[in-house]
Amino acid sequence: MPAKESRPKAAEESAIVIDFGSQYSWLIARRVRECGVYSEVVAHTTPWKKVARLNPKCFILSGGPAGVYETDAPMVPTYVFESGLPVLGICYGMQALTHQLGGQVAPSDKREYGLAMLYKNETDIPLFDNMEDTIPVWMSHGDRIIELPPGFHSIAYTENAPIAAIANDQNIIGIQFHPEVVHTPQGKEILSNFLFKVCDFQGTWTSKNFVKQQIERIKRKVGKGKVICALSGGVDSTVVATLLHKAIGDQLTAIYVNNGLMRREEIERTIRTFKKNLKLNGIYVDATDRFLDRLEGVTDPEKKRHIIGNEFISVFEEEANKIGKVDFLAQGTLYPDVIESTATVSRASSTIKTHHNVGGLPDVMNLKLIEPLRYLFKDEVREVGTALGLPEEMVWRQPFPGPGLAIRIIGEVTRERLEMLRAADWIVMNEVKKANLYRQLWQSFAVLTPLKSVGVMGDYRTYRYTVAIRAVTSEDAMTADWARLPYDLLATISNRIVNEVEGVNRVVYDISSKPPATIEWE
């Protein structure tokens, strides 16, 4: 497999989230980073040698679906306790540390799901500093602590949980509720109190510091070598190209590949924007025919992604050979791409879908990878783009998948179906922008389904395709909610698509959230 880009050197301080299979583990890391502290999620089976490289200053234990009394229930690694570092156990994390340190956990006859009121047992509690004696929190548990471990005392309770938060004198703290979710209104403040008043972090994780560290790191890694950068026009690849250009100048060549799967006017607009804003060496490659030929007859979405990922690498290696000796390929892989493409963090996690620039890469590559954004979320990338001085139109461009329209056409990708989708997608984007909703939406686009239905147009019976409209709100694409677009806007979009796009007679609106659905249909 191609070598993975190592973690960003956050440096002096990191908060390590130990994952026990919770759906919220990634959210914990996000909230910690929002406080100015670098955080990363690791499996509960991760050995100390790998964790030590991240320079941990504390451990946060996630929730999880298991019961600590079950056979083969995941346990807290012994190095967490042996390190002497502060520990915050959340939900299952609290129960696990209680169980392992000599306390007792049992099923509760009164389960707590949803909003609860937390009452302090003491007034001088750093975790709840500057908060009222009663705090609204979000609960999601069916077990309870019935005996505290030696040296621990209860610091808070709820109506159904007499022991809802615990602590000892070694800064090991457990809380039964979830501070990482928005349903706990002061959750971020609670995490901040843990990070800065219990752990004494300095808060050095900022976009400006990241830019400075990455530029120096890229210089050391590349040396006198040459780099080609996969450029798509999106914020991810744009930020990567800008970082590299600042670090190594003319040693970088940006390659924009037209795979035939782009939206209407995407190529022309992207090239104009880059010429105007980024003064770097660039090559344009029209590879439409080779991509579409490889996709002919393919309907499985994972095969589409792998074909596109492999073909991209083939194009880049061919162009690299024309340039001369090229050592590295840079691309805009993000943390959510890695999370959804792999199942390495927890035994409870699974591959959702392969991203073409992660799991879609070939096993053997001639180029070494540079992925400076590999451990960033999308909003962090936008902050880095702003710190780099990139224009708003680049920083706030809605995400567009690497495989392009290939995964917005359900079934086989053909030239005819591509043109149909391009026309529908153009209408969606045009009307969303006219309604001044573009920046409020994470993504908004059209999907061409394989479904045909009967319609009546001009007194004639029709049997044509159905287009689905997808619009979502999100912070990081790990979760998303369907956007409540105004009915008048939906009516305008539907009317225009049916009247202007040949071959379509029906439009539907997707009201699925993520989870259970994903943002893209394939």
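Which residues in α6 meet Glu383, Val384 and Ala387 in α12? They are Ser207, Lys208, Phe210 and Val211, where contact means heavy atoms within 4.5 Å. This is a predicted model, so local features need pLDDT of at least 70, side-chain atom pairs count only at pLDDT 80 or more, and totals for chains, interfaces and linings use all residues. Numbering runs from 1 along each chain as its sequence is written, and side-chain values use heavy atoms, leaving out hydrogens and water.

**Helix packing**
- Helix α6 (residues 207-222) packs on helix α12 (residues 378-387) at about 75 degrees, with axes 9 Å apart.
- That puts α6 roughly perpendicular to α12 (the label covers 65 to 115 degrees).
- Helices here are DSSP runs (H or I, at least four residues), numbered from the N terminus.

**Cores**
- The largest nonpolar core has 78 residues, with Phe128, Phe194 and Leu244 making the most contacts inside it; a core joins buried Ala, Val, Leu, Ile, Met, Phe, Trp, Tyr and Cys residues through side-chain atoms within 4.5 Å.
- Helix α7 (residues 235-248) gives the most to this core, with eight residues.
- A second, separate core of 59 residues includes Tyr256, Met262, Leu367 and Met429.

**Individual helices**
- Seven of the nine residues of α4 (residues 92-100) are buried, so α4 is largely enclosed by the rest of the structure (buried: under 20% relative accessible area, 1.4 Å probe, protein chains only).
- Just after α4, Gly102 has a positive phi of about 105 degrees.
- Just after α14, Asn436 also takes a positive phi, about 60 degrees.

Key
Buried < 20%, exposed > 50% of the residue type's maximum accessible area, 1.4 Å probe, protein only. Helix = DSSP H or I, 4+ residues; strand = E, 2+ residues; numbered from the N terminus. Axes fitted to C-alpha atoms, helices over the stretch in contact; angles between N-to-C directions. Parallel < 35°, antiparallel > 145°, perpendicular 65-115°, else oblique.
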